[in-house]
Amino acid sequence: MFRFEHVYQGVLQDINFTIEKQDKVILFGPSGAGKSTLLFLLNRLNDPEKGDIYFNGKPIEEHSITALRKQVGLVLQAPNLFPGTVLDNIKYGPSLFGEWEDHQGKKLLDYVQLPSDYLERDVDQLSGGERQRVSLARTLANSPEVLLLDEPTSALDYRTAEEIEEVLECLMEEHQLTMLMVTHNLNQARRLGNRGLFISDGKIVEDGKIPDMFDQPKTEELAKFLEQ
Amino acid sequence: MEPEISNQSLFFLIIFVIVPLALSYYYQLGVSKNVIWSTVRGTVQLFAIGYILTFLFDLPARYGIPFMLTVMIIIATFHARQKGKDLPYVGFILFGGLLAIEVGVLSLWLLFDMIQFRPSEVIPMSGMVIGNSMTAMGLALERMKTEFKENNGRLLASLSLGAEPKQASHLIVQNTLHASLIPNVDRLKTIGLVQLPGMMTGLILGGVSPVMAIKYQLVISLSIFSSVSLSAMFITLCMYRYFFNKNKQLLQTDEEIRSSRS
């Protein structure tokens with residue numbers, strides 16, 4: 001689905017990897033290693049300084065940028081909701097492409113386990129966890145094939161983070177999505193991912209199955225990171 | 001007979017300078033030098049412009065007016081440019097905007113016989129329009145930069161959902177215009193109630209009847225209202241696009257913005 005060939009951007013150096021359809025990839029590593037930069041490259045919020053990225057077999061720059069961004073949804077660490085109601089937010093993406101239908105609202109709130117009467121609620125009245133759910137619903141409204149998650153629970157308390165995790169688990173099962181998620185929470189990584197990419201100093205240091213990586217790290221760098 | 005302030009009377013204006021100087025000295029505000037320098041500079045500038053205007057008013061209108069308007073627009077461009085010097089082409093866009101607004105307003109004034117094509121009428125009135133437009137453009141540029149910084153996350157979220165830069169910046173443009181226009185609307189609402197506008201005051205002091213002074217004031221106030229609104233709109237709608245590159249990506253640093261078009 002995605003292929004990186006010798007990609008350089010900012011701190012990222014010579015990044016090479018492939019992501020297959022329905023992979024659940026967890027990107028983890030120390031802060032400033034380039035994890036968010038990597039997600040931004042996939043959504044084309046940024047372009048590589050050097051190297052090539054392929055999406056569905058075609059160079060990423062040959063895809064229409066807006067269409068690609070619709071297919072490859074991104075949920076940022078902060079919800080960054082737009083002023084207005086929950087409905088205004090979740091119909092934002094589909095409305096850009098003239099694809100919004102009113103019946104979708106309730107369904108989307110259902111996906112993120114929010115009651116349907118929240119549709120008319122002003123986003124200023126929502127709690128942190130609710131805001132992140134709305135942000136997730138807003139991205140899902142575009143029916144993406146790939147879901148990029150940039151530490152979606154890092155700003156939330158433990159209980160709320162667990163709730164969001166449950167929502168994500170259900171979504172992955174129901175929608176057969178391909179997922180790339182940045183997280184510092186290793187338990188979360190174990191629960192949600194089937195593959196891990198350990199990034200440090202802008203390089204992919206280890207790439208493998210999550211349980212294997214966590215239980216038997218191959219590199220000293222990963223072992224040290226896990227100890228911390 | 002024209003009302004006149006004698007040089008002797010003018011000299012006593014020094015009292016108005018001594019008051020802030022004394023305050024500065026007493027409270028050790030450290031602005032005494034600044035007060036003296038600003039007063040001297042302001043006085044010299046005003047006398048200089050007085051002599052320049054006298055010279056220009058004596059020139060035939062077809063030379064004096066275009067010359068002075070060009071000088072005003074160039075100075076206004078350089079001044080407003082300070083607020084957005086990281087943005088590409090900002091000087092050209094400001095110059096073009098100020099020129100178009102001034103030409104438009106002047107044409108309407110002349111077309112509907114509101115003023116005569118005489119330096120003594122066109123230059124002071126145009127000065128007010130250009131000056132206010134310059135301030136509006138500068139404020140809009142400054143506000144837009146702040147809005148782009150403060151709404152970075154929302155802009156990224158919007159782009160990531162597939163929005164075009166124009167759609168993603170809608171909120172920024174809206175906030176910038178709102179912030180630029182509201183003081184303008186408020187000013188018009190309270191005109192004459194809180195203070196008599198400067199032009200009207202000047203005309204009354206010059207011996208013109210208050211009703212005639214009000215007519216001139218209305219012409220200038222509504223012209224300023226319109227040109228300030230247009231200026232803010234023009235500069236905002238022209239400049240927001242320079243915060244994105246051709247790949248619809250948000251430029252997040254001044255350096256990126258500066259180098260985006262080179």
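How many salt bridges are counted between chain B and chain A? The count is zero, a salt bridge being a side-chain nitrogen of Lys or Arg within 4 Å of a carboxyl oxygen of Asp or Glu. The model is predicted, with local features requiring pLDDT of at least 70 and side-chain atom pairs pLDDT 80 or more, while totals for chains, interfaces and linings use all residues. Residues are numbered from 1 along each chain as its sequence is written, chains are lettered from A in the order in which they are written, and side-chain values use heavy atoms, without hydrogens and water.

At the interface, 17 residues of chain B are in contact (heavy atoms within 4.5 Å) with 22 residues of chain A. The size of an interface is often given as the accessible area lost when the parts come together. On the side of chain B that touches chain A, α7 (152–160) and α8 (165–168) each supply at least two residues, helices being DSSP runs (H or I) of at least four residues, numbered from the N terminus. The largest share of that side, seven residues, belongs to α7(B).

Chain B also carries a nonpolar surface patch with about 1200 Å² of accessible area together, including F11(B), I14(B) and V31(B). Its largest share, six residues, comes from helix α2 (residues 14–26) of chain B. F11(B) lies in helix α1 (residues 7–11) of chain B and counts as exposed (over 50% relative accessible area, 1.4 Å probe, protein chains only) because its relative accessibility is 54%. Patch members have over 30% relative accessible area and no salt bridge, with nonpolar side chains (Val, Leu, Ile, Met, Phe, Trp, Tyr) joined within 5 Å; accessible areas come from the Shrake-Rupley method with a 1.4 Å probe.

Terms used. Patches are made of residues with over 30% relative accessible area and no salt bridge: like charges are joined within 9 Å, nonpolar side chains (Val, Leu, Ile, Met, Phe, Trp, Tyr) within 5 Å. Buried means under 20% relative accessible area, exposed over 50%, partly exposed in between (1.4 Å probe, protein chains only).
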